[in-house]
Amino acid sequence: MFLWVELHELTISSSAMPLANMSGSKWRLVLIALLICALIFELDAQEQKAVPGRTPKPRKPKHEKSTNKGPRAVTVRPKVKAARAEQTLLTQVLNKGKFKKVRETINVQTGDTLELRCRGKPVQWSVPPYLEEDDDGRLRIVQYERYGLLTLVNTTGADTGEYTCYPMYCEDTDCRREYSKAVKVFVFFPDPQELFVPSSDYYKVIQLRSNWPTVLPCQVTSPEAKVTLHREYPPVEVEVDRREISFDVKTGFTIHRPRPYHAGALYCVASLGNLRQSSIKYMLIYVNYPRAPPAPVIQASPSTVTVGENLRVTCSAMGERDVAIEFTWDYPGQEIGRPPYTQESVIPVSGGTAQQQSQSVLLVDEVRDVDQGTYTCTAQNMQGAKSVSTTIKVVPKPKPKKP
């Protein structure tokens, strides 16, 4: 340091002087210079205590306790759109601009206006079949920017049924319904004169399928009506045990596992207060439906025939008893109009199983060269059809041996 150099020079020059010749003022200067040097050495020693190349850690600021007197710091996070905002919402428009979220069922008095508002852009509506066929101009559907509005005026008991809103998924101009996001509501229009939803039919034929539940749509206009099921002959009320037969006010009676004894003429009776009415008649016809398409097996005896011999091809399939199986054939002789002969039969299977074997035999008399090729048998029932094939080879007659 420049101060230390100057003081050092001053000390050397002062020491060269005889001590006797030094005056009192010079002694004071020497002492002051020594004190300054000692102070500088002390400061340098404190700086050398720090580790070289190591930066001291900054002190952490203490967090102040939050109080109600001032605003509290809040971390701002990006907003995530809730999933519920994307779900379809169905509401009923009431008087004076009020809205009500609908449940599974709602009641609207006959003559009043039904207004349903469904959020989505765009949406499609499904209404009872009666309104889809002819609504007399009473039904109006309008699509706005963010929702669709269904309006039905001059309502009657015949308008009772299910109303469904389907949000649409669109790519360019191609749109399709999103069935998983559909919302439904069953609307009752209580009619003091009509307990059942009016129908133009006097009776309705319904198949009782052995493999599928059967519904008798005895729909009423009021959920308060008591509905029972009756058989026309013999005249008796049918028991509803909720296992074999159950009732739902929105759909009617359901026969869960139809059996032959369920067949016949049935009707429903509804009562509400002093009013009691009967529905149309339902003619139930039992049909034993197969569980699956048939699995035919084809066999030719023999697979190689000689010109002039007879050919017999058998096609058989196992199935449920009383379930018809139809057989059809494709064979080479069809190209020239060669007619075949078929024999069909049904053989019950013994052993207590409710099965039977159906078979069809194709007979070709006096085989020709044109009869060589592929023979295909197709077996079909009410669940579908399957085909099997076999190949027939025709060989010429052997030449007679010369004597």
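Q: Which residues gather in a patch of negative charge on the surface?
A: A patch is made of residues with over 30% relative accessible area and no salt bridge, with like charges joined within 9 Å and nonpolar side chains (Val, Leu, Ile, Met, Phe, Trp, Tyr) joined within 5 Å. A salt bridge is a side-chain nitrogen of Lys or Arg within 4 Å of a carboxyl oxygen of Asp or Glu. Asp and Glu count as negative, Lys and Arg as positive, while His and the chain ends are not counted. A charge is placed at NZ of Lys, CZ of Arg, CG of Asp or CD of Glu. Here the negative patch consists of E132, E133, D134 and D136.

Q: What kind of model is this?
A: This is a predicted model, in which local features need pLDDT of at least 70 and side-chain atom pairs count only at pLDDT 80 or more, while totals for chains, interfaces and linings use all residues. Residues are numbered from 1 along each chain as its sequence is written, and side-chain values use heavy atoms, leaving out hydrogens and water.

Q: Where is D134 found?
A: Helices (H or I, at least four residues) and strands (E, at least two) are DSSP runs, numbered from the N terminus. D134 lies in the loop between α3 (129-133) and β6 (139-143). The protein has three helices and 27 strands.

Q: Is L195 buried or exposed?
A: Buried means under 20% relative accessible area, exposed means over 50%, and partly exposed is in between (1.4 Å probe, protein chains only). L195 counts as buried because its relative accessibility is 3%. By contrast, D134 is partly exposed, at 44%. Of the 403 residues in the protein, 33% are buried.

Q: Which residues does L195 touch?
A: Contact means heavy atoms within 4.5 Å. Leaving out residues up to four places away in sequence, L195 touches Q219, V220, T221, A270, S271, L272, L275, R276 and Q277. L195 and A270 are 75 residues apart in sequence, yet 6.6 Å apart in space, C-alpha to C-alpha.

Q: Where is S360 found, and which residues does S360 touch?
A: S360 is in strand β25 (residues 355-364) and is buried, with a relative accessible area of 0%. The residues it touches, not counting those up to four places away in sequence, include F327, W329 and C315.

Q: Which residues make the nonpolar surface patch?
A: Accessible areas come from the Shrake-Rupley method with a 1.4 Å probe; for residues, only the protein chains shown count as cover. Y202, Y203, V205, M283 and I285 make a nonpolar patch of about 530 Å². Strands β11 and β19 (281-287) each supply at least two of its residues.
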